[in-house]
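Subject: Structure for your attention

Dear colleague,

Please find below the sequence and the structure that I am handing over to you.

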Number of protein chains: 2
Amino acid sequence: MNSEDRLIARLRELIESQGSRRKLCNGIGDDAAVWQPSRSHRSVITTDASVEGVHFRVDTMSMHDVGWRAMASNLSDLAAMGARPVLATVTLGLPADSDSESVFELYRGMLAVASAHGCVIAGGDIVRAPGWMTSIAAVGEVRPTHVKGRGGARRGDVLAVTGPLGGSRAGLHLADNGRVLTEDLAAQAQAAHCRPEPRVREGQFLAASAHVHAMMDISDGLSTDLARMCERSGLAATVDEVPVAECAASMAQTLGEDPQAYALAGGEDYELLVAVNARAFPYLNARFCKRFGRPLHAVGHMREGSGLFVRKGGREEPLAPTGWDHLG
Amino acid sequence: MNSEDRLIARLRELIESQGSRRKLCNGIGDDAAVWQPSRSHRSVITTDASVEGVHFRVDTMSMHDVGWRAMASNLSDLAAMGARPVLATVTLGLPADSDSESVFELYRGMLAVASAHGCVIAGGDIVRAPGWMTSIAAVGEVRPTHVKGRGGARRGDVLAVTGPLGGSRAGLHLADNGRVLTEDLAAQAQAAHCRPEPRVREGQFLAASAHVHAMMDISDGLSTDLARMCERSGLAATVDEVPVAECAASMAQTLGEDPQAYALAGGEDYELLVAVNARAFPYLNARFCKRFGRPLHAVGHMREGSGLFVRKGGREEPLAPTGWDHLG
């Protein structure tokens, strides 16, 4: 566990020692919490914050993109629960020198990705703060039978992701390594980093399949997030090969890094990670392809034990979580 | 309108121009947003943030109280909607020099007031930030027929509050004017400021009465919040006399201020303000007294026109909003 996970584990103990949790179907530890507004319905809530100087820089990113990313990361958590987005509330921290046009641009970015996925902004709070800050809570709905979570993966399950990884990391590195990519690849990296697409429809499709045993989004890097799925499922995982975004492969080469390692460590790609019954995987993948025009990528499998392993030249090596530790 | 209300009005236009709001029963402008998870149920969501150096100082307030206040202000918004609290999500911003014991104290404060009102913490996010910061979203449930909002006040309605005002402001002034109050009154002011009680049960009781036409909580001061109720209801209000907390009356005298004006301008009391059918008020108040062991305080009435007036020596004078403007 990294320092963020350790602190959260201790807070979870403290929180769960208090009060009745009657209405709650699951609590802290998944991408979102699930509760039961009425017997036949499940609602899902998630929250995600973004802080200037920590998660973004206003000198390298437009306010529109700051808003888009902030909303997209919340919608991605709903996607990971297989939920249909319903509404979001937005807390905005404004530095003393902020102008209202920047506030509107930020809202336009949030609204662009939210309304593309049927999510409305239902309320919020605006406060003075030392710098720009957003904290969004997003609510969705999911059928009781479609709730997956991170802890349901089974021995032998195929691990698959909904798209190539590392693109957002390449976008982050663009700022420091400007002209090392071709124009096309630079644009690809920029888009992956600034305007990630939450996999909302893909999440609902995958959640509807009984062969999908666990699901989460990859927000902190596959190595970090898969470790979380392993721990919650009480299993180990072996990674064979991950799909690397073209811009990420090119950036890794430029930086003299292994493209596989580069993509495994890259955060904020917002693809989904699923654990799928191995026998059902080819059929599910064919249906996924037909529906979305692109495949699921098998990256490895779940197995007995604990920890994360990567296959290199026929041998398995332990893989340390290399992704993002928010408090590290 | 103050600068915060103006910015929110413009954002509201922008937000409402986008997308279908099918599931939403009301949006921005009330204490919380209401949506419909299923035909027979209504859920309510609110969000409220608190920033070190803006809303609290860690040198004059314990982390326990910082947590209590942050959670109480959200529960108060649910109370204003007549809702039963269900769950909350918590975003925590931690400065680089924060220790985990402070995080736990802050959580203990949040949990103390949350669990007293049946609210569980269901999830959250922890981020690095320039200073301590909390952003909480709280969800509650309310019967479809019990939703009031701010805009339903009618001509002739009695305006009433659930308790004396100004106590929290006196607590704020304690820091600068240490020993001017007696020990008892200082403790009263300190409690009002640091551990306000959200009127959750009172809100549910009042929401259940068909004679209550509008309800909101007093978080920014009665003069500011009542002006919002007037505007949303398309009416004016006259204030006769407000109940002043004993500690606030004493602090106002010390500072050479009029106790009525002091209480009208005091924010963060978290009492509820209701507009009640005038003929039904005595009966409702008798039932309220019997249930809660203390009365509703009539402070004035709604009337034709626009704006806020205060009665002084038989004459009505216009009253400017003197409460808290978060962006002023």
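Leu159(B) has Gly300(B) in β11(B) as its bridge partner. This pair belongs to the antiparallel pairing of strand β7 (residues 158–161) of chain B with strand β11 (residues 297–303) of chain B, which extends over four bridges. Please bear in mind that this is a predicted model.

Chain A

In chain A, seven strands form an open sheet, ordered β8-β10-β7-β11-β9-β12-β13, and the pairing is mixed. The edges are taken by β8 (212–217) and β13 (315–318) of chain A; each has a single partner strand, so one side of each is left without a neighbour in the sheet. From one strand to the next, the twist averages 30°. At one end of the order, strand β12 (residues 307–312) of chain A is joined to β13(A) by four bridges, and the two run antiparallel. In this pairing, Val310(A) stands opposite Glu317(A) in β13(A). Helix α6 (residues 200–207) of chain A lies across β8 and β10 (272–276) of chain A, at about 160° to β8(A).

Packed helices

Two packed helices are described by the angle between their axes and the distance between the axes. In chain B, the axes of helix α4 (residues 167–174) and helix α8 (residues 246–255) come within 8 Å and cross at roughly 50°. α4(B) and α8(B) are therefore oblique to each other, and their crossing is left-handed. From α4(B), the contact is made by Gly167(B), Arg169(B), Ala170(B) and His173(B), and from α8(B) by Cys247(B), Ala248(B) and Met251(B). By class, the residues of this contact are four nonpolar, two polar and one charged.

In chain A, helix α5 (residues 183–194) and helix α8 (residues 246–254) pack with their axes 8 Å apart, at an angle of about 110°. α5(A) and α8(A) are therefore roughly perpendicular to each other. Which residues meet in this pair of helices? Leu185(A), Gln188(A), Ala189(A) and Ala192(A) in α5(A) meet Glu246(A), Cys247(A), Ser250(A) and Met251(A) in α8(A). This contact has five nonpolar, two polar and one charged residues.

Domains of chain A

Chain A is divided into domain 1 (22–145) and domain 2 (148–318). Their centres, taken over C-alpha atoms, are separated by 23 Å. The contact between the domains takes 22 residues from domain 1 of chain A and 22 residues from domain 2 of chain A. On the side of domain 1 that touches domain 2, α2 (63–80) and β4 (84–94) of chain A each supply at least two residues. α2(A) gives the most to this side, with eleven residues. The residues of this side divide into nine nonpolar, seven polar and six charged.

The contact between the chains

In all, 58 residues of chain B are in contact with 58 residues of chain A. Several elements of chain B each supply at least two residues of the side that touches chain A, among them α1 (3–16), β2 (33–38), β3 (41–51) and α3 (100–116). Which element gives the most to this side? It is β5(B), with nine residues. By class, the side of chain B that touches chain A has 32 nonpolar, 19 polar and seven charged residues.

Yours sincerely

Notes
Residues are numbered from 1 along each chain as its sequence is written. Chains are lettered from A and ligands numbered from 1 in the order in which they are written. This is a predicted model: local features need pLDDT of at least 70, side-chain atom pairs count only at pLDDT 80 or more; totals for chains, interfaces and linings use all residues. Domain bounds come from an automatic or database domain assignment. Two residues are in contact if their C-beta atoms, placed from the backbone, lie within 7 Å. Ala, Val, Leu, Ile, Met, Phe, Trp, Tyr, Cys and Pro count as nonpolar, Asp, Glu, Lys and Arg as charged, and the others, Gly among them, as polar. Two strands pair if DSSP finds at least two bridges between them. Axes are lines fitted to C-alpha atoms, for helices over the stretch in contact, and angles run from 0 to 180 degrees between N-to-C directions. Angles under 35 degrees count as roughly parallel, over 145 as roughly antiparallel, 65 to 115 as roughly perpendicular and the rest as oblique. A crossing is left-handed if the near helix is turned anticlockwise from the far one by less than a right angle, and right-handed if clockwise.
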